[in-house]
Amino acid sequence: QMQLVESGGGLVQAGGSLRLSCAASGRTLTSSHRMGWFRQAPRKEREYVGHINWGNGLQYYAESVKGRFAISRDSGKNLMYLQMTSLKPEDTAIYYCAVGIVGRAYDFWGQGTQVTVSS
């Protein structure tokens, strides 16, 4: 079992930046794992934002955030970050982190953190 806790959400103006964190506990992350970010806006389906392979640090992003968002990790502390820049009102959502085995569905999810971007 793993526990994931997101933090860093808040209210920011369009064009601003925000950094989210995801702390993982309960199990040691290995090179077999990947950690991802997802978001869900009101009345919309949850959508993929991006993920990072824990072993080699390779990152992947949805087209909607490519070039604006960056995922990083601190392997020693089981922390993942989502640096968001050039934020837009359409980035407003609850942001969730998740962890799973590379190539498989995500097994564990956090409770989410709200990000609101005002125009």
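The chain has 119 residues, for which a compact globule would have a radius of gyration near 14 Å; the value for the chain is 13 Å, which agrees. These figures describe a predicted model. Taken along the principal axes, the C-alpha atoms fill a box of roughly 40 × 25 × 25 Å. Of the 119 residues, 45% count as buried. Among contacts between residues at least 6 apart in sequence, 53% join residues at least 24 apart.

The secondary structure consists of 11 strands and 0 helices. Read from the N terminus, the elements therefore run β-β-β-β-β-β-β-β-β-β-β.

Ser-21 has Tyr-81 in E8 as its bridge partner.

The model holds 1 disulfide. The bond joins Cys-22 to Cys-97, with an S to S distance of 2.0 Å. Cys-22 belongs to strand E3 (residues 18-25) and Cys-97 to strand E9 (residues 93-101), so the pair ties together parts that are 75 residues apart in sequence. The link of Cys-22 and Cys-97 is right-handed, with 65 degrees about the S-S bond. Both Cys-22 and Cys-97 are buried.

Thr-92 is found in the loop between strand E8 (79-84) and E9. Its relative accessibility is 18%, and because buried means under 20%, Thr-92 counts as buried. The side chain of Thr-92 reaches two backbone atoms, as tabulated here.

| Side chain | Backbone atom reached | Distance |
|---|---|---|
| Thr-92 | oxygen of Pro-89 | 2.9 Å |
| Thr-92 | nitrogen of Val-117 | 2.8 Å |

When residues up to four places away in sequence are not counted, Thr-92 touches Ala-41, Gln-114, Val-115, Thr-116 and Val-117.

Key
Residues are numbered from 1 along each chain as its sequence is written. This is a predicted model: local features need pLDDT of at least 70, side-chain atom pairs count only at pLDDT 80 or more; totals for chains, interfaces and linings use all residues. Side-chain values use heavy atoms; hydrogens and water are left out. A disulfide is a pair of cysteine sulfur atoms within 2.5 Å. Helices (H or I, at least four residues) and strands (E, at least two) are DSSP runs, numbered from the N terminus. Buried means under 20% relative accessible area, exposed over 50%, partly exposed in between (1.4 Å probe, protein chains only). A polar contact is a pair of N or O atoms within 3.5 Å; within protein, one must be able to donate a hydrogen and the other to accept it, and residues adjacent in sequence count only if both atoms are side-chain atoms. Contact means heavy atoms within 4.5 Å. Two strands pair if DSSP finds at least two bridges between them. The radius of gyration is taken over C-alpha atoms; the globule rule is 2.2 Å times the number of residues to the power 0.38.
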